[in-house]
Amino acid sequence: MIKKERKRTYFLLLLYSKCDLVENLLNHIEFPSDLRQLKIEQLPQVCKELREFIIDESSRNPGHFGASLGTVELTVALHYAFNTPEDRIIWDVGHQAYGHKILTGRKNVFPTNRKFGGLSGFPNPQESEYDSFIAGHSSISISAAMGMALAAKSKGENRKIVAVIGDGALTGGEAFEALDYAGGSNADLLVILNDNDMAIDANVGGLHQYLVDVITSPFYNKFREKTWKASEKLSQFGPDFRDFFKKLGRGAKSLFFKESNLFESLGFRYFGPVDGHNVFQLTRTLQDIQNFSGPKILHICTQKGKGFKPAEEEQTEWHAPRKFDKETGEMIPLPDKDTIPPKYQEVFGETLLELAQKDERVMGITPAMATGCSMNILMKAMPERAFDVGIAEQHAVTMSAGMAKEGMIPFCNIYSTFMQRAYDQVIHDVAIQDLHVIFCLDRAGLVGADGVTHHGVFDIPFMRTIPNMIVCSPLNEVELRNMMFTAYSGKHPWVIRYPRGNGEYLKWRSELTLMKIGKAECLREGEKVAVLTIGSVGNTALKAIDKVCCETGKMAALYNMRWVKPIDKDIVKTVSEKFDTIITIEDGVLAGGFGSAVLEVLQETNFKGNVIRLGIKDEFVPHGTQQELYKLCGYDSENIENQIRISLNK
């Protein structure tokens, strides 16, 4: 089998090298229908040009780079072998779908990728009919594909459904739930397992090791391939005879080989492993697989960052790099670290290490975001105290609960948008038992170019409604440190939410200090108007108030509330007695958020004045820079200034 494949590939490459090449094939491809007009011998040239296009554009307009380079051949093969968009392709997380976007009518506008008003960085059905399903969070593709396959069958439609999922995303619980259900069905579904040994950081866990074992077992794979082919030939004697032979083959495999194919045991017909960078083999395999009915899985092996040496060698760093020189592979230098404040995530990582050095009970847990949240700092210094559990938020939360139940102090760091995936575990496993788990929600608020699927704007409403929960948000990185220290020293479940980006101070490493839980602070005394803020947006409000005062001589009061739950009722009641207008500002949704919490207290005081709430209305927010999105949502510096001026002049 392997020798035959090598001979065929050599023949096609020889044919390809001798055929008349059309310069810039990619320029003649607007949609997959154009791609399918080419000869298969021309596909390597398309792959070469597509890879160069992604490198060229990403060097000027940064985005998710390495994963899309790794799926170039797969993307070309899929659109060549299948009749898209009639056939559905569901990409599990759009990190790997840049080539897909370029081949599906968006090549000319690709320079707008992740920019305000431009293309989304992830597949989105509102953007193109070729984007079968939105794909910003991982592990959803097989479930969505299963639903589409069943719908097609019910409607009598003869379309093919393909889910493309990475080995990192396969660690998510929903992926296993979908595999279990799909394998027991007769749905005509193809799952492509894109195995590149990486998520953002290196993959972890038993599934990762299992896939390594499958890839490195040529005897098992050769035996499995022959068994399946023989069973198909025997189908002419009837389904019972064929099924008996398949079962006999599985039994013999288990007897002679230590490997037992997980996917086959779930009811999938397994193909592979296949070289994911051999476009000929991929295309032929995809064309052949279409003739098999029922649930199927094609296991392909790829290299993240393929075709760009720096991205191949440093895959985590090049997952989503900044601007770079495509010729030298050098990233455009950042400003000197001594001249800009650190990122909030870096302050979290350094502070967590300090606390762990103080107390052996302190543990760190994250679901596949070790580098992104800077927990890699603790992992490097104390690897036995920090745990990357893979893309498994539910597991991360309940594992943290188990640690807390046994007297440890777990800091569970999950991006705000991904915490949504573990809400039941927060309530059932942590809050009901009143366990001392400290949730640090990175990327809270509007995150920028990652857009609608990644904005962390719902955590205040869904966390503050849970009994026993303490919810707070720091004004700056010094408060972040002190909130972490206060949470470590306290009891109950905690939520500390903080934004993406840099803080306020160059010299942030102050002595750790306990804060008074539920107590706000007054940053500016004023008259007529009181501004109440939660989190880092308070810095924007502070500058706006000072600017208005400088221009008009009138000063509004400013209160850094710090705590959403318990909220400082004394401060709110005092404000209600002294001021005519109260303005609340939050980097999150208004419905049920911080402003709603203030209104609940004001209702008790029978406040008769004017309340203005600034935040995100009842709508999803697109992608763009954070400043563009703050302006869109009405709580950028200019809008805050205008609101203060209007209120002061009433």
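How many helices and strands does the secondary structure of the protein chain come to? After that, please take me through the open sheet with the order 1-2-3-5-4 and what lies around it.

Author: This is a predicted model. The secondary structure of the protein chain comes to 26 helices and 17 strands. The chain has 650 residues, and 58% of them are buried. Of the contacts between residues at least 6 apart in sequence, 76% join residues at least 24 apart.

Now to the part you asked about. The sheet is open, has five strands in the order 1-2-3-5-4, and its pairing is parallel. Strand 1 (88–91) and strand 4 (269–275) are at the edges; each has a single partner strand, so one side of each is left without a neighbour in the sheet. On average, neighbouring strands of this sheet are turned by 20° against each other, direction ignored.

Inside that order, strand 3 (residues 189–195) pairs with strand 5 (residues 296–301) in the parallel sense, over six bridges.

Strand 4 holds Pro273. The peptide bond between Gly272 and Pro273 is cis, with omega at about 0°.

Helix 5 lies across strand 1, strand 2, strand 3 and strand 5, and runs at about 160° to strand 1. Helix 5 (residues 72–81) also meets helix 13 (residues 279–289): their axes come within 9 Å and cross at roughly 35°. That crossing is right-handed. From helix 5, the contact uses Glu73, Leu74, Val76, Ala77, Leu78, Tyr80 and Ala81, and from helix 13 it uses Val279, Leu282, Thr283, Leu286 and Gln287. Sorted by class, this contact has nine nonpolar, two polar and one charged residues.

Lys160 is worth a separate look. Lys160 sits in the loop between helix 7 (141–155) and strand 2 (161–166). Its relative accessible area is 18%, and because buried means under 20%, Lys160 counts as buried. The side chain of Lys160 makes a polar contact of 3.2 Å with the side chain of Asp188. Leaving aside residues up to four places away in sequence, Lys160 touches Phe82, Asp87, Arg88, Asp188 and Gln290. Arg88 belongs to the stretch of strand 1 (88–91).

Strand 13 (residues 529–533) and strand 16 (residues 581–589) run parallel and are joined by five bridges, and Leu532 stands opposite Thr584 in strand 16.

Lys528, in the loop between strand 12 and strand 13, has phi near 70° and is not a glycine. Lys528 is partly exposed, with a relative accessible area of 30%. Asn606, in the loop between helix 24 and strand 17, has a positive phi of about 60°.

Methods: Residues numbered from 1 in each chain as written. Predicted model: local features only at pLDDT ≥ 70, side-chain atom pairs only at ≥ 80, totals over all residues. Heavy atoms only, no water. Helix = DSSP H or I, 4+ residues; strand = E, 2+ residues; numbered from the N terminus. Buried < 20%, exposed > 50% of the residue type's maximum accessible area, 1.4 Å probe, protein only. Polar contact = N/O pair within 3.5 Å; in protein donor to acceptor, adjacent residues only side chain to side chain. Contact = heavy atoms within 4.5 Å. Axes fitted to C-alpha atoms, helices over the stretch in contact; angles between N-to-C directions. Left-handed = near helix turned anticlockwise from the far one by under 90°. Nonpolar A, V, L, I, M, F, W, Y, C, P; charged D, E, K, R; others polar. Pairing = 2+ DSSP bridges.
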